[in-house]
Amino acid sequence: MRTAGQVRGALTSWRSPFPSAAALHIRVSRPPRSRPPPPPPPGSSVRSVRPSAAPPEGQIEGQGQNHQHWLKQLWTYGRNIKAINAQPTESEKEIYNQVNVVLKDAEGILEDLQSYRGAGHEIREAIQHPADEKLQEKAWGAVVPLVGKLKKFYEFSQRLEAALRGLLGALTSTPYSPTQHLEREQALAKQFAEILHFTLRFDELKMTNPAIQNDFSYYRRTLSRMRINNVPAEGENEVNNELANRMSLFYAEATPMLKTLSDATTKFVSENKNLPIENTTDCLSTMASVCRVMLETPEYRSRFTNEETVSFCLRVMVGVIILYDHVHPVGAFAKTSKIDMKGCIKVLKDQPPNSVEGLLNALRYTTKHLNDETTSKQIRSMLQ
């Protein structure tokens, strides 16, 4: 479990990676040693406000007196919050600009996926009337442009993977610690969070749209039949057999984008053996801790201006948990994990069920160590 000093340090000067309207710049000052002064009169300008009430209780295991000290620091930090956008410093700009090019296309990808209706009707008609050439042509004509969209989504996943690896390299490199990186490179941390937010949104939409796999399966079967019969295929040049195989594996996953990022993070760690694995896992666990605290503490939760900000924070929290579970040798669910999994699951369970079922399913079915013997029965039962 993360020490009080580590969590406190991670929160110092942290700009929470929320959407721009709710990006948060956090400053931590020492809790007062004596009774706090009375509140300033309305309209006065005061830079720092000391806490006027006891800090809220929280669930952080195994920290004793340090736990209470951490809560006091966190309470103070919540009183000194102001909204600003995380802008890249000179040292961040190269990576930031590369990632920004990818993120600019993310919303368009989600819009295309959300509007994806599939060619189910045309496919059914073609299957039911195999001798009707017009229905066969109609189904093929409906499927080919949709496969073009699926190709676009797949290629974006490759771009997103490259962007994530670039951010991991910047946020875990020596000589700075992960906490120092998150304080120094807040714009990159925000981009990292935005990638995770996109990833969970994409996978939520994909899981509720069976037309995607149905369309692609029909495309591949029809293309194979055309090749056997030496019939020229209009869409073959756009998606050749090798690419079709890779796309098929991608869409066979329940959460394809998350699987892509999990594999990319695991590969990053294995390819950079000169970097301690803690550089990556501490970066992930710190982000999970910040998201959890922001969501479970009413003082901070009340500062969120809309529910989309809450959804953003929930998706980022789940995303970093899953990446941590894939990268860390014993995963996120073990007692030695630096992520408070009970607290994170409780935060999810406290939301309206319809809004988080996809995120809970992501923890149930895309993590690596949930069913290990080291996972407590309590955590397993919480996710049942």
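## Exercises on a predicted model

The axes of helix α6 (residues 133-172) and helix α10 (residues 241-252) come within 10 Å and cross at roughly 75°. This model is predicted.

**Exercise 1.** Classify the angle between α6 and α10.

*Solution.* Step 1: take the crossing angle, roughly 75°. Step 2: apply the cut-off; angles of 65 to 115 degrees count as roughly perpendicular. Step 3: conclude that α6 is therefore roughly perpendicular to α10.

**Exercise 2.** Find which residues of α6 and α10 meet, then sort them by type.

*Solution.* Step 1: on the α6 side, list Val147, Leu150, Lys151, Phe153, Tyr154 and Ser157. Step 2: their partners in α10 are Leu243, Arg246, Met247, Phe250 and Tyr251. Step 3: sort the residues of this contact into eight nonpolar, one polar and two charged.

**Exercise 3.** Describe the largest nonpolar core.

*Solution.* Step 1: count its members; there are 103 residues. Step 2: pick out those that touch the most other members: Phe192, Ile195, Phe198, Leu314, Met317, Ile321 and Leu348. Step 3: ask where the largest share of this core comes from; α6 supplies it, with 18 residues. Step 4: zoom in on Leu348. Leaving out residues up to four places away in sequence, Leu348 touches Leu314, Met317, Val318, Val356, Leu359, Leu360 and Leu363.

**Exercise 4.** Summarise the whole protein chain.

*Solution.* Step 1: count the elements, 17 helices and three strands. Step 2: check burial; 50% of the 384 residues count as buried. Step 4: look at contacts with a separation of 6 or more; residues 24 or more positions apart account for 76% of them.

Key:
Residues are numbered from 1 along each chain as its sequence is written. This is a predicted model: local features need pLDDT of at least 70, side-chain atom pairs count only at pLDDT 80 or more; totals for chains, interfaces and linings use all residues. Side-chain values use heavy atoms; hydrogens and water are left out. Axes are lines fitted to C-alpha atoms, for helices over the stretch in contact, and angles run from 0 to 180 degrees between N-to-C directions. Helices (H or I, at least four residues) and strands (E, at least two) are DSSP runs, numbered from the N terminus. Angles under 35 degrees count as roughly parallel, over 145 as roughly antiparallel, 65 to 115 as roughly perpendicular and the rest as oblique. Contact means heavy atoms within 4.5 Å. Ala, Val, Leu, Ile, Met, Phe, Trp, Tyr, Cys and Pro count as nonpolar, Asp, Glu, Lys and Arg as charged, and the others, Gly among them, as polar. Buried means under 20% relative accessible area, exposed over 50%, partly exposed in between (1.4 Å probe, protein chains only). A nonpolar core is a set of buried Ala, Val, Leu, Ile, Met, Phe, Trp, Tyr and Cys residues joined through side-chain atoms within 4.5 Å.
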